2 protein chains.
Amino acid sequence: MNLLDKVSTAKTNLTMLTDFYEITMANGYLENGFRDTIAYFDMFFRELPDHGGFAIMAGVQQIIDYLEHLTFTKNDIEYLRGCGIFSEEFMEYLSNFKFSCDVWTVPEGMPIFPGEPIITVRGPVIQAQFIETMILLTVNHQSLIATKANRICRAAKGRPVMEFGSRRAQGPDGAMLGARAAYIGGCCGTACTICGKEFGIPALGTMAHSWVQLFDTELDAFRAYAREYPQNCTLLVDTYNVLKSGLPNAIKVFQEEILPRGFRPAGIRIDSGDITYLSRKARKILDNAGFPDCKICASNSLDEYIIRDMLVQGACVDSFGVGERMITSSSSPVFGGVYKLSGVEDEEGH
Amino acid sequence: MNLLDKVSTAKTNLTMLTDFYEITMANGYLENGFRDTIAYFDMFFRELPDHGGFAIMAGVQQIIDYLEHLTFTKNDIEYLRGCGIFSEEFMEYLSNFKFSCDVWTVPEGMPIFPGEPIITVRGPVIQAQFIETMILLTVNHQSLIATKANRICRAAKGRPVMEFGSRRAQGPDGAMLGARAAYIGGCCGTACTICGKEFGIPALGTMAHSWVQLFDTELDAFRAYAREYPQNCTLLVDTYNVLKSGLPNAIKVFQEEILPRGFRPAGIRIDSGDITYLSRKARKILDNAGFPDCKICASNSLDEYIIRDMLVQGACVDSFGVGERMITSSSSPVFGGVYKLSGVEDEEGH
């Protein structure tokens, strides 16, 4: 996971990304003599997404980033002072805030099960309480996507699965941290460039239908693409008709543009229609044309159920691009982790 | 919408939050003589979330922020150069990139319908193509949440609905931009502090169960809270037993701590159990105790279906706190907007 560790996607300041009641409670704890009270909180979850057998822990690195940089800016404190309900003692406390809790977590990428503590926080109750929102937000989101990705990758039975979902993700972080979680869950890469740049996750892609449409003919479009990227040429063959147009044009271009340059064709992508049927036909046609090594990639609203069915029905698909249903965990879009007070130390530390 | 306009949640640089194929295509367009080709792209969607009658447009301000700040840093270009497949002419083009397309959008907050263009982009095809990922990501996400929020607010029949979902949102942006979208969709506020600070959306909250548990008794916990926040005292009454413990303790504290300070109690919150039954009982008890103005707030995995049922069954609830099912649009978590090439201008501008 080293590649994933190197970057913080942290915005300048997420300290105030917390439920307002964490702040009213913090002020109240301080005013009611709990300043030095040491409490334990546990994060756990009660039910698995999609009635699965286990979930996958993800988001630990973002929790660490958050806790290491947790500080209240002057601007934050001005905003809180403006609310008119907090004591000056509390404003002073926040100005000098230094996070000092101990935090235990299950490591990134591990299977996790209902009921077990996956994060335990021990420290001053004001602090341990305050971090509830971001701990839940981070782990709930990333574990959800890692779990879904893992389900999809297992359905693909060893075939590579690419994460294709940025455009349907729930916000920029949903796209970036979701791609990260999908990689932890087993995906081989992502279509999203910034995840390549920031996390070192392989970022790949070929063309959209608009590329094909912009040229006068599909053949021209393929030819131009092949000349540009002969070393890794994957052609999207379903803009007009996979078997009657896309595939014959692709083969012509593989023969006329790729082979003469000393390369082999990388693949074709099918993004619509009866992909099982089309992939079986395409496999035969490619084999007969002398391209048994040309891969067939399938995309279009896939998930673990559709992939499993396709493979059972004999689809000749070598890799899958999975978008909206993975990046949002569409079939089960909420990971219901909770964060509960589990104990308070007495003065003797018991 | 002025309050929502004032802030950009833009991270330092989202330029590279784009599908890698947008970049391979851009390079290809440049190399194939499409540098000055003017194209039109339309964003539209095909199906409404939850089989509803309309959706609500949201995210326009974030699109504007993105487009106004769209620039490739040296660091971005270094990363792309390192991919080893792009021309130096293209690197040069990106270094001098200045967004120059015309963009039309349906205004923020308007109803939108399947099949109609909700955004139209006209400009150099390289640019108009490049922004696909962020346009879709932004509008798909925020319109999804605004639409869900609107459905929930309509089910509440005029009663205020608060957005309570940060902890189950899909990433920090999911929480923040989702709260923004929920406000556009009709919510009266959010539990999330940063949305108060950054967007000017009312941020409110009372206490968690952990507050009640930390004190020796529920009565002590309520009393301490009431002394701290007498001007806006809402008590969470379901930690132990709503009717036998929470409500009697709340009434005692309203009488002994709130009234003597010259205030009226703000409310109680019920977060578990048969809320319809409990709210009807609680209403009578509060009325009999002389607090007909004390509001009853309900929360706990609510959505438009549950709220409608509760009201049909006579629940005495004055406001709703809605979390995970709104912030993720749980019943229909993907807004499938697409962005398609709709035309190319010839040299005479037709």
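A salt bridge is taken here as a side-chain nitrogen of Lys or Arg within 4 Å of a carboxyl oxygen of Asp or Glu. The structure is a predicted model, in which local features need pLDDT of at least 70 and side-chain atom pairs count only at pLDDT 80 or more, whereas totals for chains, interfaces and linings use all residues; side-chain values use heavy atoms, with hydrogens and water left out. Residues are numbered from 1 along each chain as its sequence is written, and chains are lettered from A, with ligands numbered from 1, in the order in which they are written.

Within chain A, an automatic or database domain assignment separates domain 1 (2-145 + 333-344) from domain 2 (148-327), and the centres of these domains, taken over C-alpha atoms, lie 39 Å apart. Between domain 1 and domain 2 of chain A there are 3 salt bridges; Lys148(A) forms a salt bridge with Asp50(A), with 3.8 Å between the closest N and O atoms. On the side of domain 1 of chain A that touches domain 2, the elements that give two or more residues are α1 (2-5), α3 (60-68) and α7 (132-155) of chain A, helices here being DSSP runs of H or I with at least four residues. The largest share of that side, 4 residues, comes from α7(A). In terms of contact (heavy atoms within 4.5 Å), 21 residues of domain 1 of chain A meet 24 residues of domain 2 of chain A. The area buried between these domains, defined as the accessible area (1.4 Å probe) that two parts lose on being put together, summed over both, is about 1800 Å², of which carbon and sulfur atoms give 57%.

Between the chains, 85 residues of chain A are in contact with 85 residues of chain B, and about 7100 Å² is buried, 61% of it on carbon and sulfur atoms. Arg167(A), Gln170(A) and Leu214(A) supply 13% of the area that chain A buries against chain B, more than any other three residues. The count of salt bridges between chain A and chain B is 8; Arg167(B) forms a salt bridge with Glu132(A), the closest N and O atoms being 3.3 Å apart. Helix α2 (residues 20-31) of chain A gives the largest share, 10 residues, of the side of chain A that touches chain B.
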